[in-house]
Amino acid sequence: MAQEQKSQKASAWQAARAVFWSFFGVRKSTDYNRDAVRLTPGQVIAAGLVGAALFIATLVGIVYVVMH
Amino acid sequence: MEATHAHGQDHAHDHGHGHPTGLMRWVTTTNHKDIGTLYLWFSFIMLLSGGTLALLIRAELFEPGMQIMRPEFFNQLTTMHGLIMVFGAIMPAFVGFANWQVPMMIGAPDMAFPRMNNWSFWLLPVAASLLIGSFFVPGGASAGGWTMYAPLFLQGGISNDMTIFAVHILGISSIMGAINIVTTILNLRAPGMTLMKMPLFVWTWLITAYLLIAVMPVLAGAVTMLLTDRHFGTSFFNAAGGGDPVMFQHIFWFFGHPEVYIMILPAFGIISQIIPTFSRKPLFGYASMVYATSSIAILSFMVWAHHMFTVGLPTAAQLFFMYATMLIAIPTGVKVFNWIATMWKGSMTFETPMLFAIAFVCLFTIGGFSGLVLAITPVDIQLQDTYYVVAHFHYVLVSGALFSIFAGVYFWLPKWTGHMYDEKLGKLHFWLSTIFFNVLFFPMHFLGLAGMPRRIPDYALQFADWNKVASIGAFGFGLSQLILLVVVLKCIKGGVKAEGRAWEGADSLEWTHLPSPAPYHTFETPPTVN
Amino acid sequence: MTGQTAQNRTILKKLLLVSVLMFGFGYALIPFYKKLCDVTGISKDKITVSNTQMDPARWVTVEFDANLGAKLPWIFEPQTTSLRIHPGEIKQVLYRVVNLTDRTIVGQAIPSYGPALAGAYFKKIACFCFTQQTLKPHEERLMPVQFVVQNDLPKDVHTITLSYTFYEQAKAGAT
């Protein structure tokens, strides 16, 4: 995975946005191509873990509201 | 772009040089194409074995009452049918595709670890012999269901140990295969073949391989715990010793739900190659397809308990898993819409691979919707362990996974053999399969809603009519698969010469850069991808 | 190609490590689940089987009494002398019995109830009075009575006395 030139590293916010769209399963091609060049695997994994934790927390919150 | 086989041709005739011939060629081979072929034939043999068990089941269920077997044997049939189809037919078929296609699609000369590749295949026949051999030991094969639930699996005879051992071997084989595929995809891509340029089939396999590495060890752990509970006095699941049988279900389904996606993500990949080819348009929303696939993979770890709504989960957990399960429908829906959008205004032709792909989209969606119905906890409590569940998972596994395998076989046969398959026979296979598939499984929705439980050899009289219909469909479907055998054998023997780019709309490397049949060694000098 | 092989090996090692960790993770799930349920208490509304026939609004006092018939040389006494219970509730009490002699004695306990009409509503699930009791010389024993007072016990009964009397059985049997 060394071929793509890393022009500049993406910010945490960009990583978060990419992961949000990935949970939804939709992404504009232009954005995607930018992500692919600028996101590092470490960023994606970190953002993915945070995203998964937020996702679980949201669901737990909804469950809490429903049950009380 | 007419077949530009820059370097491939030179190697076309060197297979056999310095290699063992005959049977030993296959035993010792480290060539990804040979191993892919072995995987696919193994899978086909397992499909016929598991199918035979299914036909015995349907023969017994043709009429109410006990006709041809003892109930114990019936339970063995349902158990082994599940294990053989999941671990013997579907999973190896996809690994076979990965072996053949991944190196060619990314411009690699072979898999990253060719010898390990050989081992991962040759473990499979060992495991299969253990599974099938267990029918002949005292007490017969395992009869506790393919999910191997404790406490049933803690009891019983030596066949359960054979099954556990077989699952261990299959797990090791899958993990080795997955490591090989990940390494190949990450390290051996041709220059210019960035991750985002990879064909979607390669993407789905990359994600599937990660899933395999994450969950197969968990299954191995679970069955190891069963084994030590059975023989070494531990009490992980043994209630008499303070263990908890429900714990087994939690661990099993932590593996089991991602396993569902292990069996369907490569199918998504194959379909995503075929639909653009025969629509003569690039895949709509390539990026969103990649993202949807990863999203499905991550979500698949958060929904396992929807398989166990009736074990006495707290209400909060039932709600959580119900919501999480329903949310998986979103990325899956994105995929279905992308396939439809790819076909939209395309100049479509309907060769056999495309027919199977379209049937996949329609029928898999039906299976997806019945899955949504089952995700609703109160409905699931009603339908748990009925034929509705059987209908649901056969719509996703047969018209989903298996149809995509058929589609892939027809799609790539010209590349593998160098000959076009018999289109007439292919279409006959498609129509018979699709019609009989629905005759076989659609009535099971009615049976399930009416309350017929699964895994029983006999049933109440009111279920007789639809069971008869389903059994007729089963024999039709089973026998139709022999047509596939004829098509493949004919295609290997001869037929119309296939061009390098056998399908007009195909644009991945194996079509654009290699002749048909693909030479024994390909891309020893990597191609340049722009 | 050696650089390639080294790179492949690195990935192989990493992925093998992940597999081994995931194998351990399968085992870690067991204490993890137990801890999770303890900490969050999410299993507190787990469906538990409850006795729907119990009448929690009503209290009945049961007194336990023990007697020895025909100068039987035993000690016989209830461990609990009285209990407040709800009708429909299953309870168990223990009686203590000691043989004070040097010979084996076979005894049979006979129950009686006060008021006598309560006997029809007093259901014993397990009782030492169901069979003969054989006590070896100087043997001491704790014997259970498990019972339930039925819901349809007449409203005016607030106290029931359960009284047992032990009689020695056929001396011929014991030497």
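These legends walk through several close-up views of a predicted model.

**Figure 1. Chain A as a whole.** Let us start with chain A, whose secondary structure consists of three helices and zero strands. Read from the N terminus on, the elements of chain A follow the order α-α-α. Chain A has 68 residues, and 37% of them count as buried. When contacts in chain A with a separation of 6 or more are considered, 78% come from residues 24 or more positions apart.

**Figure 2. Helix H1 of chain A.** This view turns to helix H1 of chain A, which covers residues 12-24. With 13 residues at 1.5 Å a residue, helix H1 of chain A should span 18 Å, and the 19 Å between its end C-alpha atoms agrees with that. Which residues of H1(A) are buried? They are A:Gln14, A:Ala15, A:Ala18, A:Val19, A:Ser22 and A:Phe23.

**Figure 3. Helix H5 of chain B.** Here we move to H5(B), a helix of 30 residues.

**Figure 4. Where chain B meets chain C.** In this view, 29 residues of chain B are in contact with 23 residues of chain C. The size of an interface is often given as the accessible area lost when the parts come together. For chain B and chain C, the area buried between them is about 2300 Å², with 77% of it on carbon and sulfur atoms. On the side of chain B, the residues that lose the most area to chain C are B:Asn187, B:Met247 and B:Pro314, which together make up 22% of what that side buries.

Figure 5. Polar contact is found, however, for four residue pairs across the interface of chain B and chain C, counting pairs with both residues at pLDDT 80 or more. Looking at the side of chain B that touches chain C, the elements giving two or more residues are helix H5 (158-187), helix H6 (200-231) and helix H7 (245-262) of chain B. H6(B) gives the most to this side, with nine residues. By residue type, the side of chain B that touches chain C divides into 22 nonpolar, seven polar and no charged residues.

Key: Residues are numbered from 1 along each chain as its sequence is written. Chains are lettered from A and ligands numbered from 1 in the order in which they are written. This is a predicted model: local features need pLDDT of at least 70, side-chain atom pairs count only at pLDDT 80 or more; totals for chains, interfaces and linings use all residues. Side-chain values use heavy atoms; hydrogens and water are left out. Contact means heavy atoms within 4.5 Å. Buried area is the accessible area (1.4 Å probe) that two parts lose on being put together, summed over both. A polar contact is a pair of N or O atoms within 3.5 Å; within protein, one must be able to donate a hydrogen and the other to accept it, and residues adjacent in sequence count only if both atoms are side-chain atoms. Helices (H or I, at least four residues) and strands (E, at least two) are DSSP runs, numbered from the N terminus. Ala, Val, Leu, Ile, Met, Phe, Trp, Tyr, Cys and Pro count as nonpolar, Asp, Glu, Lys and Arg as charged, and the others, Gly among them, as polar. The expected span of a helix is 1.5 Å times one less than its number of residues. Buried means under 20% relative accessible area, exposed over 50%, partly exposed in between (1.4 Å probe, protein chains only).
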